[in-house]
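This briefing goes from the overall fold to the surroundings of a single side chain. Please keep the sequence and the coordinates open while reading.

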Amino acid sequence: MTDVTLRTAKFAIGAVVRHRIYPFRGIVFDVDPVFDNTEEWWLAIPEEVRPRKDQPFYHLLAENAETEYVAYVSEQNLLPDTSGEALRHAGIAEMFERDAAGGYRMRDRVRN
């Protein structure tokens, strides 16, 4: 068993963020307290930009100029997106609703 000190995630579900290096942004829909993807995925990242595993990782409904997708990004590579630009990802309306202040909150899900 590894000794991992869990940190509080910097970004909450519904936060709009952007990548600090690559030109994409998105909305957080899930958070892993530490890396929880495959070793193969992690090793595919170039070593010079490979993130540490002992930090929160975020699941994003992400978008760039060309497309929309789901991204898995380390906390060290995310910054708050303060542009105020609307997100267009098709999955947002299914998962989130806007509050009066323009923020995003998870929709209540009806369980079967």
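A contact is defined here as heavy atoms within 4.5 Å. On that basis, residues 24 or more positions apart account for 54% of the contacts with a separation of 6 or more in this protein, which is a predicted model.

**Fold and dimensions**
- The secondary structure comprises 2 helices and 7 strands, and these follow one another along the sequence in the pattern β-β-α-β-β-β-α-β-β.
- The radius of gyration is 15 Å, close to the 13 Å that the globule rule gives for 112 residues, so the protein is as compact as a globular protein of that length.
- Along its principal axes, the C-alpha trace spans about 40 × 35 × 25 Å.

**Surface and charge**
- Of the 112 residues, 37% count as buried, while the accessible surface comes to about 7,400 Å², with 52% of that area belonging to carbon and sulfur atoms.
- There are 14 positive and 19 negative side chains, and the centres of these two sets lie 4 Å apart.

- His 89 sits in the loop that lies between strand β5 (78–80) and helix α2 (92–95).
- With a relative accessible area of 12%, His 89 is classed as buried, because the cut-off for that class is under 20%.
- A polar atom of the His 89 side chain lies 2.9 Å from the backbone nitrogen of Gly 91.
- Leaving aside residues up to four places away in sequence, His 89 touches Leu 61, Ala 62, Glu 63, Glu 68 and Tyr 69.

Definitions and conventions. Residues numbered from 1 in each chain as written. Predicted model: local features only at pLDDT ≥ 70, side-chain atom pairs only at ≥ 80, totals over all residues. Heavy atoms only, no water. Helix = DSSP H or I, 4+ residues; strand = E, 2+ residues; numbered from the N terminus. Rg over C-alpha atoms; globule rule 2.2 N^0.38 Å. Buried < 20%, exposed > 50% of the residue type's maximum accessible area, 1.4 Å probe, protein only. Areas by Shrake-Rupley, 256 points an atom, 1.4 Å probe, with all protein chains shown as cover. Lys, Arg positive; Asp, Glu negative; His and termini not counted. Charge placed at Lys NZ, Arg CZ, Asp CG, Glu CD. Polar contact = N/O pair within 3.5 Å; in protein donor to acceptor, adjacent residues only side chain to side chain.
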